[in-house]
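Subject: Structure for your review

Dear colleague,

Please find below the sequence and structure that I am handing over to you. A summary of the findings follows.

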Amino acid sequence: MGGDNISPIDFNDPKIASLPRILLMGPRRGGKTSIQRVVFQKMSPHETLFRLEATQQLERAIVDHTPLCRFTVWDFPGDYYGEDDENNYDNDNNNNISTGDSVFVGDNAATSLIFVVDAQDEPYDHVLQSFTNAVTRALELNPNIVIEVFINKVDGELFLSDESKYDCRRDIMTQVTDELTDAGVSPDSIHIRYHLTSIYDHSIYEALSRVVQRLIPQLPTLENLLNVLVSTCSMEKAYLFDVVSKLYISTDPGPVDMQSVELCSDMIDVVLDVTPAEDLEEDMVDPDSAYDNKSASVIRLSNGMVLYLKEVDTMLALVCITRAENFRKKSLINYNIGCLKKALRALAQPVPTTENGH
Ligand SMILES: Nc1nc2c(ncn2[C@@H]2O[C@H](COP(=O)(O)OP(=O)(O)OP(=O)(O)O)[C@@H](O)[C@H]2O)c(=O)[nH]1
């Protein structure tokens, strides 16, 4: 995580300012900082209970492990919804918003606004009113902003059954629709995605994966490449994972099954656990390493499926799920993965600009 670097990150550097942005907003103690720390800084969920204090000012961090998946995460103090967005901020501290910059628009970067609601903190009326105000303001300033709601903390005794989670989501969706209608905005004109999340299980990775995917400009090409791989090699599914955050940044167009994503993500943990850290950092080809540009890892499941993991770019892993009988032609599979690898490298190259900058 770039936020851990000793030298401060210059978020006003045009190269960083133009990266896609994920804005985390919502009520106090909804879980914004916990989500950021657990997914991007590998804090254990239990640690968030006693290690996190209320966020007092905007905290920004950069996620930049693999060239195809680079973005910044903006963690706002609780109950801040960009009210004074057009005002100038004190720019002394590098983590304050830059002068005159709008958090919803800045530098034309693709922006996703994640509103984190505490599912265990009913009633939601007041919180959702602030949300609809923020959404209408954000959309006025940036019609392309993507709006996501994380209904967080759907764990513990209150949410033992799936039904209780779906009921909670339905209640929140209905209230948002009512709030928008009251504010004179047609709910049909705004596409809001709702995710049920908890930092204690895989749901937070699934939700953030979907958010990040929408911010990747090359997504349609990635999906196409994975589709070609899956159909050429008769695979069931293929996922591209950022191995550090364990978010999957793309998959083939076939249906996604949460359990299989979780399995692939667990496989990455297993493989990284047996790979020395220095090999990961230097991308070395060590005969004992399980994760480098020459190695591959295989897990055979008792149901006749095979999981196959290969590094395809810096900190980017391909995890394929295939039937054992289709895994026999390993050389064909490796050849096609080699082609995918080349295509990914080309895709990650910055687009050359002509002399007049176009
Ligand atoms: N049960 C449960 N608790 C969570 C979850 N996410 C966060 N928490 C807890 O919620 C509390 C508040 O979390 P924070 O991450 O500080 O919340 P925040 O939204 O950043 O709060 P502010 O900084 O005040 O805006 C902590 O005690 C976390 O352990 C979750 O998914 N489930």
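Is the crossing of α4 and α5 left-handed or right-handed? The model is a predicted one, and in it α4 and α5 cross in the right-handed sense. The residues that make this contact are Asp 125, Leu 128, Gln 129, Phe 131 and Thr 132 on the α4 side, and Ile 172, Gln 175, Val 176, Glu 179 and Leu 180 on the α5 side. Sorted by class, the contact of α4 with α5 comprises five nonpolar, three polar and two charged residues.

As for the geometry, helix α4 covers residues 125–141 and helix α5 covers residues 162–182. Their axes come within 9 Å and cross at roughly 55°.

According to the domain assignment, the protein has domain 1 (2–215) and domain 2 (219–348). Between them, 15 residues of domain 1 are in contact with 20 residues of domain 2. On the side of domain 1 that touches domain 2, the elements giving two or more residues are α2 (32–40), β2 (59–66) and α6 (203–215). Helix α6 supplies the largest share of that side, namely six residues. By class, the side of domain 1 that touches domain 2 consists of nine nonpolar, five polar and one charged residues.

With kind regards

Notes. Residues numbered from 1 in each chain as written. Predicted model: local features only at pLDDT ≥ 70, side-chain atom pairs only at ≥ 80, totals over all residues. Axes fitted to C-alpha atoms, helices over the stretch in contact; angles between N-to-C directions. Helix = DSSP H or I, 4+ residues; strand = E, 2+ residues; numbered from the N terminus. Left-handed = near helix turned anticlockwise from the far one by under 90°. Contact = placed C-beta atoms within 7 Å. Nonpolar A, V, L, I, M, F, W, Y, C, P; charged D, E, K, R; others polar. Domains from an automatic or database assignment.
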